[in-house]
Amino acid sequence: MKTSKIALYLPVALFMVLLAASCRKASQVIPKQVEQIAAPDPSSVIKGIYLLNEGNMNMNKASLDFMNFRTGVYERNIYNEANPSVTKGLGDVGNDIGIYGSKMYVVVNISNKVEVLDVKTAKKLAQIDITNCRYVTFHKNKAYVSAYLGKVGDPKAPNGIVAEIDTTSLQIERKVTVGRQPEEMAIVGEKLYIANSGGYSPPDYERTVSVIDLASFTELKRIDVAINLDRLKADKYGDIYVTSRGDYYTIPSKLFVIDTQTDAIKKTFDIAASNLWIDDDTAYIYSTEWSYPQQKNTISYTMLNVKDETILSSKFITDGTDKKIVVPYGIAVNPLTKDVFVTDAGNYVASGTLYCFDKNGVMKWKVQAGDIPAHMAFVY
């Protein structure tokens, strides 16, 4: 009799377990949030801007937002809704985002992957596995991804690499070894420049920019610059701008200009620089410089004329909003309207903020973003 009852109840019990599991899986899909934050501009040539929120390490909270310039609507957390079958969402620490053709490449650092998405729908097309990947850039139907390799924080981690990915097949075709913990990259002509940081082994930081010949995909040389390099951007005159974070104690952050014709430093700016965006002849720079002895950040905003390499007296935030930004963490400039987008990471735990300033430095709007909003890409 007991056996027959068990046999009778087993299908029902199994059904309830499966139902519960199904409900748990469905509950993981957080619907996107939609908010009208600006007046529509149906004639905008640029459709909008994607914002990648890093999310805190080991919390699996990287997320993707989109601001539609044509409708004035901000969409928050669009990845999960577009990809409900991806149970872990976008992943752990979104470190960079880039758009090439019809595809969007999202570098998810701790999850060791590059997510390739449809730029119109944010639906996942493919995943490229790269250990401890960092930044992405593009050239002639190839994507180039920098990667630390090794475990996070391991001072004995091997030298990093740059991986070349075919943007049609989405397969890694070649790899080249560079310095320790390589960061941001830029391409000038047929050479790729990459900032090596050595951030896993202070005070023994790296201090070089690797120069890669794209044809042979070999490292031609390393340019000695300064310790703990990070951001690297190219202007339209054949120069690259590279930031040094210093050592957070006695060696301050600085900005260096390298002439790619000679691969030599041509100018040093004694200004702190955490990140920069170059648009036409102007470099927009912010700095959040941490000091261990003082246990605080010093925040600054600077503009440079990259044509004559001079510091400008004008500011890209003029209405006092800069005093309300706790930790500037990302920057982008609309190449047509000259609107400046600045993100605020706040306390790094709660949701951050995306600000939009007009070309005169006056705030047009702000909106709540995800955790640690950081990286942006325009959609045409």
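Q: Why is E115 called buried in this predicted model?
A: Buried means under 20% relative accessible area. E115 comes out at 0%, so it counts as buried.

Q: What makes E115 and K113 a salt bridge?
A: Look at the closest N and O atoms of the pair: they're 2.6 Å apart. The cut-off is within 4 Å, for a side-chain nitrogen of Lys or Arg and a carboxyl oxygen of Asp or Glu, so this pair qualifies. As background, side chains of opposite charge can pair when their charged atoms come close.

Q: And K113, is that one buried or exposed?
A: Buried. K113 has 7% relative accessibility, and the label needs under 20%.

Q: How do you know that R245 and E183 form a salt bridge?
A: Their side chains meet at 3.5 Å, N to O, and the limit is within 4 Å. The two sit in distant parts of the chain, 62 residues apart: R245 is in the loop between β18 (239-244) and β19 (254-259), while E183 belongs to strand β13 (residues 182-188).

Q: Why is R245 called partly exposed?
A: Its relative accessible area is 22%. Partly exposed covers what falls between the buried cut-off, under 20%, and the exposed one, over 50%, so R245 lands in the middle class.

Q: Which residues are linked with R245 in a network of salt bridges?
A: R134, E183 and D230 join R245 in that network. Over the whole structure, the search turns up 27 salt bridges.

Q: What makes D279 and K338 a pair that ties together separate parts of the sequence?
A: First, the contact: their side chains meet in a salt bridge at 2.7 Å, N to O. D279 lies in strand β21 (residues 275-279) and K338 in the loop between β25 (328-333) and β26 (340-344), so the parts they tie together are 59 residues apart in sequence. D279 counts as buried, because its relative accessibility is 8% and the cut-off is under 20%.

Q: How do you know that strands β14 and β15 pair?
A: Pairing takes at least two bridges. Strand β14 (residues 191-196) and strand β15 (residues 208-213) are joined by 5 bridges, and they run antiparallel.

Q: Why are β13 and β16 called edge strands?
A: The open sheet has 4 strands in the order β13-β14-β15-β16, with antiparallel pairing. β13 and β16 (218-224) each pair on one side only. From one strand to the next, the twist averages 25°.

Conventions
Residues numbered from 1 in each chain as written. Predicted model: local features only at pLDDT ≥ 70, side-chain atom pairs only at ≥ 80, totals over all residues. Heavy atoms only, no water. Buried < 20%, exposed > 50% of the residue type's maximum accessible area, 1.4 Å probe, protein only. Axes fitted to C-alpha atoms, helices over the stretch in contact; angles between N-to-C directions.
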